[in-house]
Amino acid sequence: MTEDVLTRPAPEPDVVVSWGPGPDDVAEVQLGGDDRPLVLLIHGGFWRPQYDRRHLRAMSHALAAEGWTAAAIEYRRIPGDPDATLADVRVALRVVPVELRGRHDGRVVVVGHSAGGHLALWAASVAPASGLAATVALAPVADLAGADRELLGSGAVHDFLGDAASSRIDLDPVRMVSAMQPVTLVHGADDDVVPPRQSQAYVDAHPTARLEVLDGTGHLDLIDPLSAAWPGVVRAIAEALEPQESAPTPS
């Protein structure tokens with residue numbers, strides 16, 4: 001597990017987009033080409049206040065080097081107040097693509113990691129980004145009830161919701177309506193922070209979603225451009241934009 005990605009020095013953002021007066025009303029942007037989709041990143045950290053967008057700077061820089069403009073959004077992380085988090089994500093996904101008009105081709109890929117993967121899957125179902133073309137969830141907390149039962153993140157789900165997962169089934173991706181746009185999940189086979197069964201539960205509930213499990217890969221490898229898993233992450237983002245094969249029509 002590449003723990004140092006959380007603190008490793010990385011370039012400052014090229015642009016900071018702000019949409020309100022609060023310290024969390026911002027997105028950090030690394031500029032890539034204007035002829036490719038915008039990648040909107042949602043950071044993880046089990047929805048806890050000590051983890052913020054800055055640990056995705058290395059990832060944003062690497063994606064920009066691949067040709068994508070990448071914007072890492074922030075959101076409030078207040079234990080027991082999930083609706084503040086969701087409100088911020090909803091606004092960011094609506095506003096940031098518009099604020100960056102001309103820096104991308106009009107399409108948006110939302111990429112979330114861990115708790116950010118949960119938020120990306122939630123948004124894909126009920127609050128899609130402006131111009132959403134695809135969603136990619138990296139090691140997502142996709143099954144809140146399962147994560148709550150297993151006390152993932154030392155009880156992170158209960159801390160986030162302020163109650164048991166059963167109190168907010170409207171926020172549990174495996175129990176929500178399927179997204180209208182393509183959804184891809186990528187999970188490390190060796191992830192012992194958010195186990196791969198979290199992603200498997202999602203694709204079991206939403207069979208049109210695609211799941212790729214990467215061997216020899218841990219939780220933080222998926223956001224680390226120096227990891228062996230990184231080319232697989234880049235490939236998954238690119239392939240998420242490719243046309244999906246249609247299911248055969250019954251004769």
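Author: What follows goes through the sheet, one of its strands, the cavity, a helix and a loop residue.

This is a predicted model, in which local features need pLDDT of at least 70, side-chain atom pairs count only at pLDDT 80 or more, and totals for chains, interfaces and linings use all residues. Residues are numbered from 1 along each chain as its sequence is written, and side-chain values use heavy atoms, with hydrogens and water left out.

Start with the sheet. It is open and mixed, with 8 strands in the order S1-S2-S4-S3-S5-S6-S7-S8. Strands here are DSSP runs of E of at least two residues, helices are runs of H or I of at least four, and both are numbered from the N terminus. Two strands pair if DSSP finds at least two bridges between them. Strand S1 (15-18) and strand S8 (210-214) stand at the edges with a single partner strand each, so one side of each has no neighbour in the sheet. From one strand to the next, the twist averages 20°. Axes are lines fitted to C-alpha atoms, for helices over the stretch in contact, and angles run from 0 to 180 degrees between N-to-C directions.

Now look at strand S4 (residues 69-73). Buried means under 20% relative accessible area, exposed means over 50%, and partly exposed lies in between (1.4 Å probe, protein chains only). In S4, 5 of the 5 residues are buried, so the strand is largely enclosed by the rest of the structure. In a regular strand the side chains alternate between the two faces of the sheet. Both faces of S4 are covered: Thr 69, Ala 71 and Ile 73 are buried on one side, Ala 70 and Ala 72 on the other.

S4 joins S2 through 4 bridges, and these two run antiparallel. Gln 30 stands opposite Ala 70 in S4. S3 and S4 run parallel, joined by 5 bridges. Ile 42 has Ile 73 as its bridge partner in S4. Strand S3 (residues 38-42) also pairs with strand S5 (residues 108-113), in the parallel sense over 5 bridges. There, Ile 42 has Gly 112 as its bridge partner.

Helix H7 (residues 230-240) packs on the sheet and touches S3, S5, strand S6 (132-138), strand S7 (183-188) and S8. The direction of H7 makes about 150° with that of S6.

A cavity is a set of points on a 1 Å grid over the protein atoms alone where a 1.4 Å probe fits but cannot get out; lining residues have an atom within 4 Å of a point. The count is 1 cavity of 30 Å³ or more. The largest cavity has a volume of about 40 Å³, where volume is the space filled by probe spheres set on the points, joined across faces, edges and corners. Its lining includes Gln 30 and Ala 72. Strand S2 (26-30) and helix H1 (57-65) each give two or more residues to that lining. S2 has the largest share, 3 residues.

Last, the loop between S4 and helix H2 (82-99) holds Arg 77. Arg 77 counts as buried because its relative accessibility is 11%. Contact means heavy atoms within 4.5 Å. Leaving aside neighbours within four places in sequence, the contacts of Arg 77 include Asp 24, His 43, Trp 47 and Thr 85.

Technical notes. On a 1 Å grid over the protein atoms alone, a cavity is a set of points where a 1.4 Å probe fits but cannot get out, and a pocket is an open set with protein on both sides within 12 Å along at least five of seven lines; lining residues have an atom within 4 Å of a point.
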